[in-house]
Amino acid sequence: MFVVSLTYKKPIAEVELHLAAHIAYLDQYYAAGTFVASGRKVPRTGGVILAKSESRAALEAILQQDPFCIADVAEFEVIEFVPTKTAPGLEPLIEVI
């Protein structure tokens, strides 16, 4: 499991030029089962994506396809973790070790 933290490198007006394409990209990877949750940071300095992937390298290849990455409007930090406890209903997030 991975937490991806996006931090905007450009003014929000420039980020918004790529927002529709970014949302379509997110939809593609939600449909594929890679992305689990996502949203904006508060204050709006970037966003967060919770992702499942077979490897960090595979996820990083997916992130290179993000229109925010292609347009160089955001930088990405990837944090890998192993979920061992969840709230009720989120048990499928726990990885079998």
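Colleague: Is tyrosine 25 buried or exposed?
Modeller: Tyrosine 25 counts as buried, because its relative accessibility is 4%. Buried means under 20% relative accessible area, exposed means over 50%, and partly exposed lies in between, with a 1.4 Å probe and protein chains only.

Colleague: What kind of model is this?
Modeller: This is a predicted model, in which local features need pLDDT of at least 70 and side-chain atom pairs count only at pLDDT 80 or more, while totals for chains, interfaces and linings use all residues. Residues are numbered from 1 along each chain as its sequence is written, and side-chain values use heavy atoms, with hydrogens and water left out.

Colleague: Back to the rings. How many aromatic pairs are there?
Modeller: The count comes to 5 aromatic pairs. Rings of Phe, Tyr and Trp (its six-membered ring) pair if their centres lie within 6.5 Å; planes under 30 degrees apart count as stacked, over 60 as edge-to-face and the rest as tilted.

Colleague: What is the geometry of tyrosine 25 with phenylalanine 35?
Modeller: Tyrosine 25 and phenylalanine 35 are edge-to-face, with 5.8 Å between centres and 65° between the planes. Tyrosine 25 belongs to helix α2 and phenylalanine 35 to strand β2, so the pair ties together parts that are 10 residues apart in sequence. Helices (H or I, at least four residues) and strands (E, at least two) are DSSP runs, numbered from the N terminus.

Colleague: And which type is the pair of tyrosine 29 and phenylalanine 35?
Modeller: Tyrosine 29 and phenylalanine 35 form a tilted pair, at 5.6 Å centre to centre and 50° between the planes. Phenylalanine 35 has a relative accessible area of 3% and is therefore buried; tyrosine 29 is buried as well, at 9%.

Colleague: Which residues do ring pairs link into a cluster?
Modeller: The cluster consists of Tyr25, Tyr29, Tyr30 and Phe35.

Colleague: Turning to the sheet, what is the strand order?
Modeller: The sheet is open, has 4 strands in the order β2-β3-β1-β4, and its pairing is antiparallel. The edge strands are β2 (35-40) and β4 (74-80), each of which pairs on one side only. Two strands pair if DSSP finds at least two bridges between them. From one strand to the next, the twist averages 15°.

Colleague: How many bridges join β1 to β4?
Modeller: Strand β1 (residues 2-8) is joined to β4 by 7 bridges, and valine 3 stands opposite isoleucine 79 in β4.

Colleague: Where do the helices lie?
Modeller: Helix α2 (residues 19-31) lies across β1, β2 and β3 (46-51), at about 160° to β2. Helix α3 (residues 56-63) packs on the sheet and touches β1, β2, β3 and β4; its direction makes about 160° with that of β4. Axes are lines fitted to C-alpha atoms, for helices over the stretch in contact (heavy atoms within 4.5 Å), and angles run from 0 to 180 degrees between N-to-C directions.

Colleague: What is the volume of the largest pocket?
Modeller: The volume is about 180 Å³. Of the 15 residues that line the largest pocket, the closest to its centre are Tyr8, His22, Leu26, Gly39 and Arg40. The elements β1, α2, β2 and β3 each give two or more residues to the lining.

Colleague: How are pocket and volume defined?
Modeller: On a 1 Å grid over the protein atoms alone, a cavity is a set of points where a 1.4 Å probe fits but cannot get out, and a pocket is an open set with protein on both sides within 12 Å along at least five of seven lines; lining residues have an atom within 4 Å of a point. Grid points are joined across faces, edges and corners, and a volume is the space filled by probe spheres set on the points.

Colleague: What is histidine 22 in contact with?
Modeller: Leaving aside neighbours within four places in sequence, histidine 22 is in contact with Leu6, Asp66, Pro67 and Phe68. Histidine 22 counts as buried, because its relative accessibility is 8%.

Colleague: Which peptide bond is cis, from valine 42?
Modeller: The bond from valine 42 to proline 43 is cis, with omega near 0°. Proline 43 is in the loop between β2 and β3.

Colleague: What about the phi of aspartate 72?
Modeller: Aspartate 72 has a positive phi of about 60° although it is not a glycine. Aspartate 72 lies in the loop between α4 (67-70) and β4, and at 37% relative accessibility it counts as partly exposed.
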